[in-house]
Amino acid sequence: MWNDAPFYGGLPEEPPGSPVEHPHATTVLLLGALSVLCCGALGPVAWVMGKQALTQIDRSYGGLGGRSQVLVGYILGVVGTALMVITAIMFVLIMLGGNA
């Protein structure tokens with residue numbers, strides 16, 4: 001039924017113990033949320049920090065945790081950046097065409 005032989009594939013071994021949360025996980029999440037809620041200029045910061053943190057988490061092979069927090073902050077940073085750009089374009093269009 002079940003093969004009791006050990007698996008000797010190319011998968012890396014997980015480090016012992018539970019993974020440590022990435023040091024920037026909460027920061028990326030906070031910056032991403034703030035970029036959507038009030039300050040769009042924080043969006044690119046959350047975007048860049050989130051991408052770097054995701055890369056580091058993926059390369060740690062389970063040694064670093066907090067991937068879900070970083071991913072949510074990264075996505076919110078992208079959305080906050082898009083909202084900032086859309087708002088800036090609308091502002092410029094209103095300023096150019098608002099001579100009523």
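Helices of at least four residues and strands of at least two are taken from DSSP runs and numbered from the N terminus. On that basis, the protein chain of this predicted model contains three helices and two strands. Read from the N terminus, these elements follow the order β-α-α-β-α.

**Chain overview**

- The protein chain has 100 residues, of which 19% count as buried.

**Packing of H1 and H2**

- Two packed helices are described by the angle between their axes and the distance between the axes.
- Helix H1 spans residues 25-37 and helix H2 spans residues 43-59; their axes come within 8 Å and cross at roughly 150 degrees.
- Because of this angle, H1 is roughly antiparallel to H2, angles over 145 degrees being counted in that class.
- The crossing of H1 and H2 is left-handed.
- H1 contributes Thr27, Val28, Leu31, Gly32 and Ser35 to the contact, while H2 contributes Gly43, Val45, Ala46, Met49 and Gly50.
- The contact of H1 with H2 comprises five nonpolar and five polar residues, with no charged residues.

**Packing of H2 and H3**

- H2 also packs with helix H3, which covers residues 67-97, at an angle of about 150 degrees and with the axes 8 Å apart.
- H2 and H3 are therefore roughly antiparallel to each other.
- The crossing of H2 and H3 is left-handed.
- On the H2 side, the contact is made by Gly43, Pro44, Ala46, Trp47, Gly50, Lys51, Ala53, Leu54, Ile57 and Asp58.
- On the H3 side, the contact is made by Arg67, Val70, Leu71, Gly73, Tyr74, Gly77, Val78, Thr81 and Met84.
- By class, the contact of H2 with H3 holds 11 nonpolar, five polar and three charged residues.

**Cysteines**

- A disulfide is a covalent bond between the sulfur atoms of two cysteines.
- Zero disulfides are found in a search of the whole structure.
- For Cys38, the closest cysteine sulfur is that of Cys39, at 5.8 Å, which is too far for a bond, since a disulfide requires the two sulfur atoms to be within 2.5 Å.
- Cys39 is likewise in no disulfide, its nearest cysteine sulfur being that of Cys38, 5.8 Å away.
- Cys38 is exposed, with a relative accessible area of 61%, whereas Cys39 is partly exposed, with a relative accessible area of 31%.

How values were computed:
Residues are numbered from 1 along each chain as its sequence is written. This is a predicted model: local features need pLDDT of at least 70, side-chain atom pairs count only at pLDDT 80 or more; totals for chains, interfaces and linings use all residues. Side-chain values use heavy atoms; hydrogens and water are left out. Axes are lines fitted to C-alpha atoms, for helices over the stretch in contact, and angles run from 0 to 180 degrees between N-to-C directions. Angles under 35 degrees count as roughly parallel, over 145 as roughly antiparallel, 65 to 115 as roughly perpendicular and the rest as oblique. A crossing is left-handed if the near helix is turned anticlockwise from the far one by less than a right angle, and right-handed if clockwise. Contact means heavy atoms within 4.5 Å. Ala, Val, Leu, Ile, Met, Phe, Trp, Tyr, Cys and Pro count as nonpolar, Asp, Glu, Lys and Arg as charged, and the others, Gly among them, as polar. Buried means under 20% relative accessible area, exposed over 50%, partly exposed in between (1.4 Å probe, protein chains only).
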